[in-house]
Amino acid sequence: MGTKVRAFVRVKPTAHFAQDVIKFGPDNKSIDIYIKKDAKKGVVNNKQTDWSFKLDGVLHNTSQEMTYETVAKKLVSEALTGYNGTIMCYGQTGAGKTYTMTGATAEYKHRGIIPRAVQQVFKAIACSVDSFITVRISYLEIYNETLCDLLSTTTSSGASDMQMAIVDCPQGVYVKGLSIHSVSDEEDALNLLFEGETNRVIAEHSLNKNSSRSHCIFTIYIEDLYICINSKINLIDLAGSERLSKTGSEGRVLKEAAYINKSLSFLEQIIIALADPKREHIPFRQSKLTHVLKDSLGGKCNTVLVANICGEALHVEETLSSLRFATRMKWITTEPVVNVTYDSEETVKTLEKEISLLKQELAMHDSLVNRSLVTYGPLTDVQVAEIKSQIHEYLKGAIDEIDFFNTMLRGCCFFFFSQRQQEGEVETRLRSKYILIDKNDFATIAAAQKVMAGHLQHALVPVPSYKEINLVHLFPSIRKEGTKSLFSGRDLAAHLPSKSQVVVPTKNLDVKEKARNEDTVKNDAQPSKPISEEISQRPSSPPSKAVAFEQFKEECGSEINRIFKENKSILLARRKRSSTVARRINIIKQEMEDIKKALEAERQERSQQGEYVDEKGRLIIDEKEFLLIMKLKDLKEEYRCSYAELQDLKAEIQYCQHLVDRCRNKLISEFEIWYSESFLIPTYVQNALKPSGNIRPGMIPINRVMCLEEDEQERFERMQEAMLPTGPDSVAFYKAKMKTDQKVMSAGHSSL
Ligand code: ADP
Ligand code: MG
């Protein structure tokens, strides 16, 4: 027995709610519409004046949070166990589809289903112990039967890409050419959402179209590599469902409306077809929208519909049509199945066939070499136990050989051996770097903890082995939700007044450039006021970034700067070594050339003087030639070793370079955050950022603070108060939002 599609209705709050037209059932699951006969003047079919719709829930005066809990939470948690999920918002323009799906991106509290789903996914990942979950994101827009990639990196502002196409394959439907972006955390994913939203807005202006005329599909792809399952969550903001007649559109607008109505009515047809168990062919390919949604509606996934309606009497006609659509959706039965990554039926069948062919071949081979009675099936538990005991005996030295009565057994043996060997290797490696303590030895653990308290962050710094040292060193600088930033403006207060004087460079160097040249640039120092003073006085203009950057590197950024320098010096050392080896190789090469020439001369001389052969006809050469040949042999060996060393060094350099780049980026990004928080945020906001305050750094969209007008301050304070209770969960949201805002702002500046 399958599951039904769930359908909800969400009523947009309005001052003019038509109480006598729209009535809610006491269970909050039904909605009744009454229309007075005279009021409708033939607009609505005369025969019926009352309608009653049964749904899974009526969301009336419901907060964004409650809406998410009711509509999406279960679907998202099931997606984490391998079930595809689709949530669609349907309704006339202005009824609240975008508000429900994306939400008001300016404020955390008003964020919609998409940012909440992203948060739920990453929270679940953080909580699971042994997960290898990867998350990817795509954002597709369908406008006039054209596919647009809202996250395209090649085409600007989400312009349509002619190469995109919908492709059917055994694993499901996908859009060829649609960019899918890996994201490592919530902030990453939100950055993409906000970027997509910006592209939507830009496209809206450049094409002079209204986003309400396009369908937008935000997809979260989840893959658990550990248990081999994958799923996707489609979050769909459908185009406005208003009827053509009412809009009175003309020309291009009419064409757009026609497209939208067409794709929505195809969607409706598909829904009707899906609800009919006798229907065999479902015409998914009729429109781009229905084609893309083929495996999202096709009955193998969890599907939820939200019908957004306006509460005004004026819109009753559209409200009725949306409620009808929602009710139809409820007729569909789905059979959600877990998507197993590698076990698609096709693969299993192919493998089974291959196995049986291989068995036949083996049997044939065995009979050819007169070997019979060999079994090639999987091992039974008894056989596994037998082989384990044989290995133990063998390792103890009790037996000299292990019997391979089965090929599978040989593999099994190998596995057990390599496991034991690996354990040993891991332990040896650990011992070389750490003090290993027996986990049951509580006294020693307590003592060790005492020693480590205070410098916990360095507790795991190993002895220098360059790969590990850099990786471990990067950890302390990674900002995690719930932990205090290592380089927040607050720390500055603790570190100041500074012992060093601030130096003002002659030129206001670009910070990025400075970081790149950071250990070669020497500033023409010129003393100025200590930064502490500048901060306490909150100067009208913040210090130049170059000045602040120097300060940052000495104070809050000293740790990351140290790591950066350390990595750089390792890189430098490898480079030096590499050029030494390269030089040596060249010398060897030259020497080899010289010897070859000398040998050639020897040979020529020999052939001119006549050659000596021994009694067996072997050529006799003089000692000089012999020594040359031996020398050449040695040089060849040396050349081979040096060449191998050079190759290794090249790989190491590449790796080190990568680490250095990462450190540099980290240094710059931490600096940017620190700079914003230290100099750009007003003092009273800083107070809220203090350890006792509820706001954490990064929460406040900086441009909102920056562009405050005098009379807007009050509004900001109100907004801030509203944000206070939301706590640290909102950090990623505001950070991503801030980034997008800054991008848009700087794009705006550069186009000026
Ligand atoms: P649609 O996407 O369906 O065209 P929008 O989501 O853009 O409609 O909503 C239109 C306006 O109504 C927006 O300003 C939005 O913020 C507001 N709005 C919609 N639904 C709600 C709601 N439930 N609560 C508060 N404001 C809402
Ligand atoms: Mg909208």
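The model is predicted, and the mean pLDDT of its protein chain is 73, with 64% of the residues reaching 70 or more.

- From the backbone, an N or O atom of Gly96 lies 3.1 Å from an oxygen atom of ligand 1, and a backbone N or O atom of Tyr99 lies 2.7 Å from an oxygen atom of the ligand.
- Lys97 takes part through its side chain, where an N or O atom is 2.8 Å from an oxygen atom of ligand 1.

**Packing of H2 and H5**

- Helix H2, residues 64–71, packs with helix H5, residues 113–127, at an angle of about 65°, and their axes are 10 Å apart; the crossing of H2 past H5 is right-handed.
- On the H2 side the contact is made by Gln64, Glu65, Tyr68 and Val71, and on the H5 side by Ile113, Arg116, Ala117 and Gln120.
- Sorted by class, these contact residues comprise four nonpolar, two polar and two charged ones.

**Confidence along the chain**

- Among the elements of the protein chain, H2 has the highest mean pLDDT, 97, whereas helix H16, residues 466–474, has the lowest, 31.
- The pLDDT is below 50 over residues 454–538, a stretch that has 169 contacts in the model beyond near neighbours in sequence.
- Residues 694–712 likewise stay under 50 in pLDDT, and for them the model has 60 contacts beyond four places in sequence.

Methods
Residues numbered from 1 in each chain as written. Chains lettered and ligands numbered in written order. Predicted model: local features only at pLDDT ≥ 70, side-chain atom pairs only at ≥ 80, totals over all residues. Heavy atoms only, no water. Axes fitted to C-alpha atoms, helices over the stretch in contact; angles between N-to-C directions. Helix = DSSP H or I, 4+ residues; strand = E, 2+ residues; numbered from the N terminus. Left-handed = near helix turned anticlockwise from the far one by under 90°. Contact = heavy atoms within 4.5 Å. Nonpolar A, V, L, I, M, F, W, Y, C, P; charged D, E, K, R; others polar. pLDDT = per-residue confidence, 0-100. Polar contact = N/O pair within 3.5 Å; in protein donor to acceptor, adjacent residues only side chain to side chain.
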